[in-house]
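Subject: A structure for you to look at

Hi there,

Here is the structure I promised to pass on to you. Please open it beside this email and follow along as you read.

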Amino acid sequence: MTNAKLASLMARGTEFLGCETAILCGAMSWVSERHLVSAISNAGGFGVIACGAMTPDLLDKEIAATKALTEKPFGVNLITMHPQLFELIEVCSKHDVGHVVLAGGLPPKGSIEAIKAKGAKLLCFAPALALAKKLVRSGVDALVVEGMEAGGHIGPVATSVLAQEILPEMASLVPVFVAGGIGRGEAIAAYLEMGASGVQLGTRFACATESIAHPAFKKAFFRASARDAIASVQIDPRLPVIPVRALKNAGTEAFTAKQREVANLLDSGAVDMGEAQLQIEHYWAGALRRAVIDGDVEGGSLMAGQSVGMVTKEEPVAAIIAQLMDEAASALERRAA
């Protein structure tokens, strides 16, 4: 009966995503690629390719390679500030990608229509209630409510607060997926009972057996506690730097120096604000690659959410999803008793 209750609470999310379990894997650059994405979809969840700074050609190859590893649905995460956004959307359309996740700000003019032209469903991040309402009015099909406990780029408000603000107002209109700091099934059950259609987890999957992340990267996660995942500091108010949550290391300090360097370039007129923002984003892409692919856990960026303390060993994706679902079902059973 409990599993039936869990399935009922997730039904809207699973129907929307076309999978068995309404658990999305957050798009993590260099980590959320063909191997992890296909493994999550094959295990009944919903994998999402992190396009990040990929060129259209690279994304084309990544989608094709993922399709070769799974026949189950998966999505693609695109960054709104990508200079080739519309070409990337065209690549997704060419492959009949069923779900596109837009991250990094309001969708540029024409992007929503371009994504939905071939029937794809669009998910967008809503870091505030007013923005959630605006996105739904614009035609977005589902929302991801991600709190500041998450890894990578974050907003200023906690998941629990955003969920309380947004779910009562928006869950009746579109599917809403809650993200940020989720590491156990009990939290999943709670958000589902509040009206969420599903959840998104990133950090919990980063060290899965199928993840291509370097062994040194995974070991850094296993050693870390929640308080080790800290948010970066913005040193110049002119630079539109979105804070990034990562494990504290020498790379964290290097980012502070990078901000100073870019601020000096702005002062001298060597770059405009758009170029300054791109330099910051390219810095993160390179720093993350050094950690994930090369295993440079001191100089690279160890992007991790505060749930990192619950990541203690390497496990297959299927085992992680099964454990989360068992914990959620047990929590619902206890509440019904």
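Predicted model: local features only at pLDDT ≥ 70, side-chain atom pairs only at ≥ 80, totals over all residues.

Let's begin with the domains. How many residues of domain 1 are in contact with domain 2? There are 13 of them, and they touch 13 residues of domain 2. About 1,300 Å² of area is buried between the two domains, and carbon and sulfur atoms give 69% of that.

Now for the helices, starting with helix 2 (residues 34-42) and helix 3 (residues 56-69). Their axes are 9 Å apart, and the packing angle is about 40°. Helix 2 crosses helix 3 in a right-handed way. On the helix 2 side, the contact is made by Arg34, His35, Val37, Ser38 and Asn42, while helix 3 brings Glu62, Ala65, Thr66 and Leu69. Sorted by class, the contact between these two helices has three nonpolar, four polar and two charged residues.

Next, find helix 6 (residues 129-138) and helix 7 (residues 159-170). The two axes come within 9 Å and cross at roughly 30°. Why does helix 6 count as roughly parallel to helix 7? Because angles under 35 degrees are put in that group, the crossing angle makes helix 6 roughly parallel to helix 7. This crossing, too, is right-handed. Leu129, Ala132, Lys133 and Val136 of helix 6 make the contact with Glu165, Ile166, Glu169 and Met170 of helix 7. In this contact of helix 6 with helix 7, five residues are nonpolar, three are charged and none is polar.

From helix 8, the residues involved are Gly185, Glu186, Ile188, Ala189, Ala190 and Glu193. They meet Leu324, Glu327, Ala328, Ala331, Leu332, Arg334 and Arg335 in helix 13. By class, the contact of helix 8 with helix 13 consists of seven nonpolar, one polar and five charged residues.

Enjoy exploring, and write back with any questions.

Best wishes

Conventions. Residues numbered from 1 in each chain as written. Heavy atoms only, no water. Axes fitted to C-alpha atoms, helices over the stretch in contact; angles between N-to-C directions. Helix = DSSP H or I, 4+ residues; strand = E, 2+ residues; numbered from the N terminus. Left-handed = near helix turned anticlockwise from the far one by under 90°. Contact = heavy atoms within 4.5 Å. Nonpolar A, V, L, I, M, F, W, Y, C, P; charged D, E, K, R; others polar. Buried area = accessible area lost by both parts, 1.4 Å probe. Parallel < 35°, antiparallel > 145°, perpendicular 65-115°, else oblique.
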